[in-house]
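Please read them with the structure open.

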Amino acid sequence: MSWKASMIIIQNPDNLQEDELILHALDMSERKYNYTTTLDECIYPRDQSINIGYYNSCVIICDDFQLTGRFIMDDACNEEEALAKLFPDSEILALSCLNLTNFHGYCLMKNGKRVRTKAISSDDGFYVNIGEPIEEEMELYSQSQLCQGKRFWAYDNMPNYEFTEDQMLEEFTFGVAKHLLGVYMNESESEKLWSEIPFKKYF
């Protein structure tokens, strides 16, 4: 299965459900509610919308690649700092993947500071690796074999260790998302998240 996804996940222990405050923090106060959809429809909407939903004490923002690139690749961005002020004691995770180039990347913030950033692509050996891997990454790395400085994975019913780290984009992206959501996003345990949780779409 191929994947394209772009989202920001924020711990929300106080169950704050104020879309207007979130849009203001993202400097998108002019956006207007259009209709309600599902994660399955808005994780890669291809319409430049912002989609906001709430699940398992988390805010989920599907941003159609408008914000996550800056969160992951820039040293800092205004939207990231504004969200950290709105949720000062929360972990904030920006992540995206794009199968066209086997890209996956994520950035984890705690208490307003970045503690982990990783981005990898099949293009030109691109690799960013800052901070210590989190528990969910370490579990994936433990399933690999190291050969001449590169990691390789076996996959499903293919026992040979042939898959490189960039090809593990789904496993890393949705594995890291479990750090906050509490469920792996491509298994039956997350069926409700994909199809039943409402997401409000803003243009």
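The points below go from the overall fold to single contacts.

1. Basis. This is a predicted model, in which local features need pLDDT of at least 70 and side-chain atom pairs count only at pLDDT 80 or more, while totals for chains, interfaces and linings use all residues. Residues are numbered from 1 along each chain as its sequence is written, and side-chain values use heavy atoms, with hydrogens and water left out.

2. Overall build. The chain has seven helices and twelve strands. Both are DSSP runs numbered from the N terminus (helices H or I, at least four residues; strands E, at least two). The C-alpha trace spans about 50 × 35 × 30 Å along its principal axes. The radius of gyration is 17 Å, in agreement with the value near 17 Å for a compact globule of 203 residues. That radius is taken over C-alpha atoms, and the globule rule is 2.2 Å times the number of residues to the power 0.38.

3. Buried residues make up 50% of the 203 in the chain. Buried means under 20% relative accessible area, exposed over 50%, and partly exposed in between (1.4 Å probe, protein chains only). Among contacts (heavy atoms within 4.5 Å) with a separation of 6 or more, 60% come from residues 24 or more positions apart.

4. The sheet. Nine strands form an open sheet with antiparallel pairing, in the order β2-β12-β3-β4-β1-β5-β6-β7-β8. The edges are β2 (33–37) and β8 (127–131); each has a single partner strand, so one side of each is left without a neighbour in the sheet. Neighbouring strands are turned by 15° against each other on average, direction ignored. Two strands count as paired if DSSP finds at least two bridges between them.

5. Strand β4. How many of the five residues of β4 are buried? Five of the five are, so β4 is largely enclosed by the rest of the structure. Cys 58, Ile 60 and Cys 62 point one way, Val 59 and Ile 61 the other. β1 and β4 run antiparallel, joined by five bridges. Ile 10 stands opposite Val 59 in β4.

6. The β3–β4 hairpin. β3 and β4 also run antiparallel, with five bridges between them. Tyr 55 has Cys 58 of β4 as its bridge partner. Two residues separate the strands in this hairpin. Check Asn 56 in the turn: its phi is positive, about 50°.

7. β5, β6 and the helix on the sheet. Eight bridges pair β5 with β6 in the antiparallel sense. Leu 95 has Tyr 106 in β6 as its bridge partner. Helix α6 (residues 169–181) packs on the sheet and touches β1, β3 (50–55), β4 (58–62), β5, β6 and β7. The direction of α6 makes about 160° with that of β5. Axes here are lines fitted to C-alpha atoms, for helices over the stretch in contact, and angles run from 0 to 180 degrees between N-to-C directions.

8. Helix α4. In α4 (residues 78–86), Glu 79, Glu 80, Leu 83 and Ala 84 are buried. They cover an arc of only 140° around the axis, which puts them on the same side of α4. The arc is that of the directions from the helix axis to the C-beta atoms. Asn 78 and Lys 85 are exposed on the face turned away from that buried side. The buried residues pack against β1 (4–11), α1 (19–25), α3 (68–73), β5 (91–98), β6 (103–110) and β7 (113–120).

9. Glu 79 bridges to Arg 70, with the closest N and O atoms 2.6 Å apart. Glu 79 is buried at 13% relative accessibility, whereas Arg 70 is partly exposed at 32%. Glu 80 meets Arg 114 at 2.5 Å, N to O. Arg 114 lies in strand β7 and Glu 80 in helix α4, so this pair ties together parts that are 34 residues apart in sequence. Glu 80 is buried at 4% relative accessible area; Arg 114 is partly exposed at 25%.

10. A strand-to-strand salt bridge. Lys 110 and Glu 91 meet at 3.8 Å, N to O. This pair links Lys 110 in β6 to Glu 91 in β5, 19 residues apart. Lys 110 is partly exposed at 35% relative accessibility, and Glu 91 is buried at 14%.

Note on methods
A salt bridge is a side-chain nitrogen of Lys or Arg within 4 Å of a carboxyl oxygen of Asp or Glu.
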